[in-house]
Amino acid sequence: MISLEDARSLVLGQVEPLGIEEAPILDMIGRVAAEDLTSDINISPFANSAMDGFAMRAAQLEGASPDAPVELDVIAEVPAGAWYGGEIGEGQCVRIMTGAPLPEAADSVVKYEIVDVVLGDGRVGSRVAFTAPTALGSCVRAAGEEAKAGEVIVHAGEVVHSAGVGFLAGCGVTRCKTYRRPRVAIIATGSELVEPTEVPSQGKIRNSNSYALAACAIDAGAEPTVLPISPDDFEGLRAEVVAAAAEYDFVVTSGGAANGDYDFIKKVVDDAGELLMTTVNMRPGKAQTFGVVDGTPVFGLPGNPAAAYLGFEMIIRPALRKMQGYSHFERPHVEARLAASTKKKDPRRIFNRATLSKDGEGYLVTLAKNQSSGLFGPIQKSNCFVVLPEGEARVFEEGELVDCVLLDIPEEVLL
């Protein structure tokens, strides 16, 4: 039995980023850039106004005060999308809208709200008064302020977020090279299983694991395929795993990972490939099978839903992320106070399903009432795992600080 850290390192050591593909920018949300991306123009391409106001040279307003205002005639108007290329003489200014190009004859903008209209309506033909000087370059966004032509705007290895998609579009980047999403085969094993569309007869249960694990794969950025249920049969399971290993980038099975008479995944991996791991020091989910078949990672999760979910989250998810070029593999952790005492009876590292909240004293965590490894329901209502470390049995008292693994925050977030 190996530690969770060693198990994760073992699996990560067997995978590498997949091949590179080109994707449209709307498909890049949350994905990793596989090359440096550059802007084709300056962003913005021209100096522009940050405010609705009046453009002039700052020197024109030297000495302006409430007692001695400087009055200027409005000679032109520049809405967004227009251009004014004429001169701005002494005693003149140009009305300008937010985002409009700054006239070449101007170097500053004064926002409309602090300018007094002396004559007219403030538009062309009006006269306006300024009661204070303005700084050179005031309310002006410089050309190339956000990016220069040829400048790297997203570096290789950087995750592209929704705002980044807009940034890329503004820089003329509409397609990006990124790492291919892993194709993951999901195989539930067990002669007791029927499809969710069936009403189980006596002794049968619905196959929920395949759909939960496929959802986990999607959440990790992968592309899962739910394959048919595999009955408890060595030869049948071996044939399915070998076929899946030849077609997919990663194979995940659930059920049959322990040492019972009808548990075959360890034997299948050992017979068809190289068996590298069988047990991990964690609960739920001690039985975790991992190996390589025909060069493809094969992971055998336990059949109990919580154990399968935990194994996927803690060990398989990091591997799928590495295959997509990510560099962060562990969910954020926080310390929180226990809302009620709990007893740890098992020497293994325990992962309890729990809900994290915040009060005036910081984070508070409440354990789910039912910690059975056979249930998905408590996980649906949880947002973290409470980690009780390896060691002898003891009571963790109410208010004691415990480590919490956050399940709803991406790995890149540092807390």
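This note covers the cavities and the nonpolar cores of the structure above.

1. The model is predicted: local features need pLDDT of at least 70 and side-chain atom pairs count only at pLDDT 80 or more, while totals for chains, interfaces and linings use all residues. Residues are numbered from 1 along each chain as its sequence is written, and side-chain values use heavy atoms, with hydrogens and water left out.

2. Two cavities of 30 Å³ or more are present. A cavity is a set of points, on a 1 Å grid over the protein atoms alone, where a 1.4 Å probe fits but cannot get out; lining residues have an atom within 4 Å of a point. A volume is the space filled by probe spheres set on the points, which are joined across faces, edges and corners.

3. The largest cavity has a volume of about 50 Å³. Its lining includes Arg8, Glu313, Arg317 and Glu411. Helix α6 (residues 305-323) gives the most to this lining, four residues; helices are DSSP runs (H or I, at least four residues), and strands are E runs of at least two, numbered from the N terminus.

4. The second largest cavity, at about 40 Å³, has among its lining residues Thr189, Asp232, Leu237 and Tyr262.

5. The largest nonpolar core has 38 residues, of which Phe250, Val252, Phe299, Phe312, Ile315 and Leu320 touch the most other members. α6 supplies the largest share of this core, 11 residues. Such a core joins buried (under 20% relative accessible area, 1.4 Å probe, protein chains only) Ala, Val, Leu, Ile, Met, Phe, Trp, Tyr and Cys residues through side-chain atoms within 4.5 Å.

6. A second, separate core of 17 residues includes Leu237 and Val268.

Note on methods. 1 Å grid on protein atoms, 1.4 Å probe; cavity = no way out; pocket = protein on both sides within 12 Å on 5 of 7 lines; lining within 4 Å. Buried < 20%, exposed > 50% of the residue type's maximum accessible area, 1.4 Å probe, protein only.
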